[in-house]
Amino acid sequence: MGLIARAIEAQGISTVAISITKELTLSVGVPRAVFLRWPLGHPLGEPHQRAQQQTVIYHALQTLLEASEPDTLVEPALRWRRETYVEPDWSKLVQ
Amino acid sequence: MGENHTLRERISNWLFAIPAVAEWWSQRTAKTTGQLVDVSDPTPFAPVTKPLAQMRMALVTTGGFHRTDQTPFDMENPLGDPTYRVIPDATPRAELTITHKYYDHTDADTDHNVVFPLELLHELVDKQVIGATAPRHFAFMGHIDGELIATLNQETAPAVAEMLKQDQIDAVLLTPA
């Protein structure tokens with residue numbers, strides 16, 4: 001996935017990747033990534049858990065906007081099911 | 001869909017769903033994959049140039065999604081499948097499926113947003129958080145190895161990047177399996 005991100009970014013398009021394999025992402029060198037220590041096959045969380053999924057998207061969009069250099073890897077340290085997820089305040093991203 | 005799981009594959013998928021096992025695999029694979037990218041080659045970076053609410057966003061996943069009328073990804077080649085599938089933005093949920101035997105996609109089958117958050121992006125357009133979704137999105141299978149990594153790197157990934165440029169996409173969200 002990192003190689004695809006690099007190819008897209010090389011075309012002048014900003015990218016942000018969700019990663020659940022940190023070392024792999026770091027080894028390839030990805031422009032912007034959000035790392036979650038979650039089970040494979042669940043980058044956005046669990047089925048029908050909208051607030052959890054939205055929280056992941058929020059972190060990805062925030063990283064997209066705030067990263068100022070490549071190889072930015074943000075770790076929100078979300079603890080899978082052991083968080084109380086609420087819909088993020090999107091207005092913070094739309095300023 | 002050519003996705004007949006052997007017992008070994010089922011056990012493997014179950015094991016890899018454990019974050020510590022995935023972490024071990026990630027560290028191990030990083031050592032070989034790191035050699036594929038020239039470390040003197042800096043990571044490209046395209047700064048964001050407009051507010052989120054004006055961006056047109058595309059999704060690119062390596063979760064093995066494709067339309068039911070498209071050829072499924074190749075499950076027979078042990079080196080994987082470096083090709084991609086174009087997924088139009090308006091593809092109905094029922095016309096999307098997953099072919100990828102290298103991860104347990106039971107949960108992603110139940111709710112595509114777990115891996116391919118197209119509905120979530122549409123909701124963000126409705127909420128005016130992002131400007132628009134792309135006319136088409138792209139799916140790979142991931143799990144690509146050996147000489148097929150070069151095919152991905154030199155052919156299929158640049159081809160997708162070119163189409164994203166044609167579609168005047170501002171930002172791409174990438175999601176793994």
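Chain B has five helices and seven strands, where helices (H or I, at least four residues) and strands (E, at least two) are DSSP runs numbered from the N terminus. This is a predicted model, in which local features need pLDDT of at least 70 and side-chain atom pairs count only at pLDDT 80 or more, while totals for chains, interfaces and linings use all residues. Residues are numbered from 1 along each chain as its sequence is written, and chains are lettered from A and ligands numbered from 1 in the order in which they are written.

**Chain B as a whole**

- Read along the sequence, the elements of chain B follow the pattern α-α-β-β-β-β-α-α-β-β-α-β.
- The radius of gyration of chain B is 17 Å, close to the 16 Å that the globule rule gives for 177 residues, so chain B is as compact as a globular protein of that length; the radius is taken over C-alpha atoms, and the rule is 2.2 Å times the number of residues to the power 0.38.
- Along the principal axes, the C-alpha atoms of chain B fill a box of roughly 45 × 45 × 30 Å.
- Of the 177 residues in chain B, 37% are buried, a residue being buried if 20 or more other C-beta atoms, placed from the backbone, lie within 10 Å of its own, exposed if 12 or fewer do, and partly exposed in between.
- Among contacts in chain B between residues at least 6 apart in sequence, 81% join residues at least 24 apart, with a contact defined by C-beta atoms, placed from the backbone, that lie within 7 Å.
- B:Ser12, which is found in helix α1 (residues 7–16) of chain B, is partly exposed, with 17 other C-beta atoms within 10 Å.

**The contact between the chains**

- Chain A contributes 54 residues to the contact and chain B contributes 56 residues.
- On the side of chain A that touches chain B, α1 (2–9), β1 (14–19), α2 (22–28) and α3 each supply at least two residues.
- That side of chain A has 32 nonpolar, 14 polar and eight charged residues, where Ala, Val, Leu, Ile, Met, Phe, Trp, Tyr, Cys and Pro count as nonpolar, Asp, Glu, Lys and Arg as charged, and the others, Gly among them, as polar.

**Strand β1 of chain A**

- β1(A) pairs in the parallel sense with strand β7 (residues 171–175) of chain B over four bridges, pairing being assigned if DSSP finds at least two bridges between two strands; the bridge partner of A:Ala17 in β7(B) is B:Leu174.
- β1(A) also pairs in the parallel sense with β2(A), over three bridges, and there A:Ile18 has A:Val34 as its bridge partner.
- Six of the six residues of β1(A) are buried, so this strand is largely enclosed by the rest of the structure.

**Helix α3 of chain A and the core**

- The largest nonpolar core has 68 residues, and those with the most contacts inside it are A:Ile4, A:Ala60, B:Met57, B:Val172 and B:Leu174; such a core is a set of buried Ala, Val, Leu, Ile, Met, Phe, Trp, Tyr and Cys residues joined through C-beta atoms within 7 Å.
- Helix α3 (residues 50–66) of chain A gives the most to this core, with six residues.
- Twelve of the 17 residues of α3(A) are buried, so this helix is largely enclosed by the rest of the structure.
- The buried residues of α3(A) pack against β1, β2 (32–35) and β3 (72–74) of chain A, together with α4 (118–126) and β7 of chain B.
- Leaving aside its neighbours within four places in sequence, A:Ala60 is in contact with A:Val16, A:Ile18, A:Val34 and B:Leu173.

Terms used: Contact = placed C-beta atoms within 7 Å.
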